[in-house]
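Work through the following exercises with the sequence and the coordinates at hand. Each task is followed by a solution in steps.

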Amino acid sequence: MIADLIEAIAKILFVFGVNMGFFAPILGWVERKQSAVMQDRVGANRADIFGFTLIGLLHPLSDTIKLITKEDFIPAGANKLFHTLAPFISLTPAMITFAVVPFGGQYEIFGRRINLVVADLDVGILFVFAFASLATYGTVLAGWSSNNNWSFLGGLRAAAQMLSYEVAMGLSIIGIIMVYGSLKLTEIGAMQTDFFKWGIFLQPIGFILFLTCAIAENKRAPFDIPEAETEIVAGYFTEYSSMKFIMFWMGEFLEMVTISGIIVTLFLGAWHLPFISDERLLSLFGFAGPNGSIIMLMMANIATFFGKIIFMIWFQMTIRWTLPRFRYDQIMKLGWKIMLPISLINIFITGLVVLLK
Amino acid sequence: MSDLAKNLHTEHMVINMGPSHPVTHGTVKFLVTLDGETIVDFDVEIGYLHRGFEKMCENSTWEQVFPYTDRLNYLSPIINNVGYALAVEKLIGIDTPERCKYVRVIVSELSRLADHLTNVAASGLELGAFTAFLYFVEARDLIWDLLESVCGARLTSNYVRIGGLKNDLPDGFKEQTKEVFKRCRELWIDVDKLLTKNRIFIDRLKDVGIMPPDEAIAWGFTGPCLRASGVPYDVRKAQPYLVYDQIDFEIPIGEKGDNFDRYLVRMEEINQSMRIVEQALDKLPDGPINVDMPEYRWQSKDDIYTKIESLIFHFKTVTGGIRVPPGEVYFPVEGANGEVGFYLVSDGSGKPYKCRVRPPCFPLTAAMPRMVKGALIADIVPTFDMIHMIGGECDR
Amino acid sequence: MESITLKKLKERFPDSIMETHSFRGDDTAIVKKEDIFKICEFLRDDNELLYNFMMDLTAVDYYGKESRFEVVYHLYSLKYNMRIRIKVPVPESDCTIDSIIPIWICADWFEREAYDLYGIIFKGHPNLKRILLYEEFEGHPLRKDYPVRGRQPLIGPKN
């Protein structure tokens with residue numbers, strides 16, 4: 001019992017630590033450096049401690065210090081309760097969703113079964129969608145409660161966009177559920193052992209649809225109309241400063257990590273290395289004894305998983321720094337008139353293939 | 001449902017876009033009435049950068065006006081310098097030496113390049129394509145380095161003088177230009193790949209802000225915006241000044257007059273400007289750069305220090321300014337945004353009686369309501385960018 | 001040699017053309033202000049002229065002269081590649097002139113500017129208000145009797 005508790009706490013701390021302690025701050029830096037590389041620039045390199053800039057790695061720290069010490073401003077006429085609540089609502093789902101994402105398989109170490117996922121729910125995917133829709137409330141509330149026309153427009157746009165893409169996103173995933181016959185993310189992950197059984201090969205259209213919808217869901221370029229700074233200043237978080245601003249900001253980055261995690265689990269073979277099976281790895285690590293080799297396998301799987309996440313994050317950032325932004329009606333048109341029919345057709349074809357098999 | 005829609009209370013939203021808003025670069029205010037995302041009413045308020053250009057000119061000597069002209073279209077200041085100098089020279093009746101004309105063409109076209117590069121870059125930036133922006137900003141910076149080597153300043157050039165130039169081109173300018181243009185062409189291809197065939201970019205610009213040719217003429221459009229509507233009017237071709245008639249170049253024409261055509265016209269004009277500069281550098285004749293009229297243009301330092309007449313003229317022109325005969329002229333040049341016309345009235349004293357500049361983006365900005373009414377709020381962004389309103393020029 | 005524009009103008013409006021000249025090649029016609037609308041319409045619509053561009057509209061203040069102001073129009077004909085300058089004397093006592101917006105829509109802002117800086121009233125202008133300066137500004141700064149260093153800071157009411 002106590003061992004279960006310790007295990008659960010250790011997993012939560014691990015996920016929380018990786019997300020909040022590693023990804024959230026580091027992504028700000030990655031985004032800067034990545035864009036700098038793409039744009040023939042040097043990127044952030046000015047923040048220093050005693051002259052050590054650490055290639056700009058101190059910038060997240062200085063950003064945080066700067067934002068924490070800023071005035072927490074609530075505009076006149078704003079609804080104080082909702083204005084304060086909104087950033088929490090939009091940050092929490094991003095953090096919680098990662099609970100159902102498995103970052104490794106199941107291992108037996110010292111006679112204990114360890115399942116590397118915080119909450120192994122039977123309806124893992126549904127949980128993801130449930131919480132992703134909650135994030136909408138955060139942005140809508142932020143836009144509405146700020147008593148600012150720009151925020152209001154941003155909130156409206158966010159609501160419309162997130163709702164429409166949730167539909168296409170939900171449908172795009174049906175195909176993969178049909179193929180693997182499970183809603184459990186751990187099971188789906190465990191099934192992708194063979195390289196050519198990865199979701200991306202079984203459901204290529206579903207992958208593209210899901211990726212697009214996920215980026216739209218996260219409101220990143222080219223789908224960043226709710227915060228399009230040249231049109232509506234900063235959209236729904238125009239009136240946010242200090243820690244509340246950080247929360248929106250982190251929420252966006254964490255959601256990026258979560259989305260990458262789900263994409264990796266569903267489509268990119270989860271924690272499996274391509275062409276090298278777990279048995280092969282186990283035999284490679286054989287020199288470390290039975291328990292040692294399993295621990296090493298676990299480490300290798302976790303590393304593979306996060307390596308894939310980092311690749312997906314890089315991919316999303318490349319998109320963000322390459323493409324210009326859509327217009328409001330174009331996003332709606334893309335969502336309802338293109339994505340939705342394609343995902344329906346995808347389901348149909350998948351059903352047909354599954355049936356005929 | 002229909003009852004609900006009927007009873008639902010809706011109203012238009014009025015928002016102030018600007019004067020401090022990310023899209024209104026150059027401080028301008030839009031009063032936008034919105035029905036949801038659709039623009040119902042649109043009003044432009046300018047004048048935030050008004051500094052009394054004409055009043056200042058009327059109280060300066062003819063030569064002191066040059067720095068003020070730098071601040072008109074501050075993205076291509078030398079074209080304003082050239083336009084003003086040509087207007088004054090027309091008023092006096094000076095014909096500058098051949099080399100001076102060629103150098104003026106070179107620096108004008110470099111300025112036009114810088115202007116167009118900025119405009120296209122900004123169009124990317126404002127639509128969220130930050131990478132394309134920085135590519136062209138790099139190209140613009142190289143052009144500015146060139147201009148800096150010529151006149152010592154990047155932005156406020158103050159390079160042209162009545163009857164000549166401040167100084168000649170530096171040594172090795174031709175080779176330097178060749179290198180810069182090589183890099184500019186690479187960057188041009190990069191941006192072309194990033195934007196011109198980019199589906200999202202095309203969708204954002206195409207069929208937005210359409211101006212049919214007859215309406216464009218009635219609204220007083222000139223420059224790239226008019227040419228995008230399909231009207232082949234370019235002062236450099238219609239009424240060639242300097243040596244534009246001896247140089248082989250083409251003026252690109254659009255078809256529809258929407259924002260995408262304006263973008264394409266500007267992209268092509270970047271190429272044409274580089275062509276003009278290269279030809280002018282090849283043909284550049286030797287000879288003096290200043291006219292030999294000591295009462296209007298200072299003579300060389302050697303002459304001033306050794307000849308009494310030169311010294312006297314120098315003293316007189318520096319202290320009292322030059323005497324321009326009474327009369328009035330209008331001289332148009334092709335600015336980066338369209339026709340920059342200087343209307344000068346002289347009463348024979350040492351100061352301009354009236355120095356009026358026709359700002360090309362003034363009528364363009366006036367047509368903004370016509371172009372965006374009924375469109376979406378996001379359409380303001382590319383339309384306003386392609387209008388390329390420059391606060392310093394529009395508000396004077 | 002007199003240009004075709006000036007010749008046609010003199011033929012058509014012998015009474016309203018007060019003077020013409022072509023200083024430095026710029027064709028100029030000084031016309032009576034009552035006929036400006038008619039003349040502009042003629043210049044735009046006549047088949048041999050077709051002045052379809054109104055390039056510039058401004059005013060000049062000849063302080064101390066009998067008719068103090070002059071409204072100056074610069075027109076351009078795209079088809080025939082010609083330019084003409086129309087000047088209209090406007091006395092201070094009756095500082096008004098007909099608006100030409102129905103002929104060239106772009107005159108709208110130019111006329112507002114001339115009104116703003118010189119105080120010339122354009123009759124028939126739909127929205128004649130200040131454009132470069134703020135509503136509360138007193139006087140018209142480009143008039144020669146406005147001081148060069150005249151300052152009018154706009155200070156709002158204290159909250």
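Chain B has 18 helices and 8 strands. The model is predicted.

**Exercise 1.** Determine whether the radius of gyration of chain B agrees with that of a compact globule.

Solution. Start from the chain length, 396 residues. A compact globule of that length would have a radius of gyration near 21 Å, and chain B has 23 Å, so the two agree. Next, take the extents: along its principal axes the C-alpha trace spans about 95 × 45 × 35 Å. Then turn to burial, where 56% of the 396 residues of chain B are buried. Finally, of the contacts in chain B with a separation of 6 or more, 70% join residues 24 or more positions apart.

**Exercise 2.** Describe the side of chain B that touches chain A.

Solution. Count the residues in the contact: 24 come from chain B and 22 from chain A. Assign those of chain B to elements: strand 1 (13-17), helix 5 (98-126), helix 6 (130-151) and helix 8 (199-205) each supply at least two. Sort this side by residue class, which gives 14 nonpolar, 5 polar and 5 charged.

**Exercise 3.** Repeat the analysis for the side of chain B that touches chain C.

Solution. Here 32 residues of chain B are in contact with 26 residues of chain C. Elements of chain B giving two or more residues include helix 2 (53-58), helix 4 (77-92) and helix 9 (213-218). Strand 6 (327-334), strand 7 (339-346), strand 8 (352-358) and helix 15 (361-366) also belong to that list. By class, this side of chain B divides into 15 nonpolar, 8 polar and 9 charged residues.

Definitions and conventions:
Residues numbered from 1 in each chain as written. Chains lettered and ligands numbered in written order. Predicted model: local features only at pLDDT ≥ 70, side-chain atom pairs only at ≥ 80, totals over all residues. Contact = placed C-beta atoms within 7 Å. Helix = DSSP H or I, 4+ residues; strand = E, 2+ residues; numbered from the N terminus. Nonpolar A, V, L, I, M, F, W, Y, C, P; charged D, E, K, R; others polar. Rg over C-alpha atoms; globule rule 2.2 N^0.38 Å. Buried ≥ 20, exposed ≤ 12 C-beta atoms within 10 Å, placed from the backbone.
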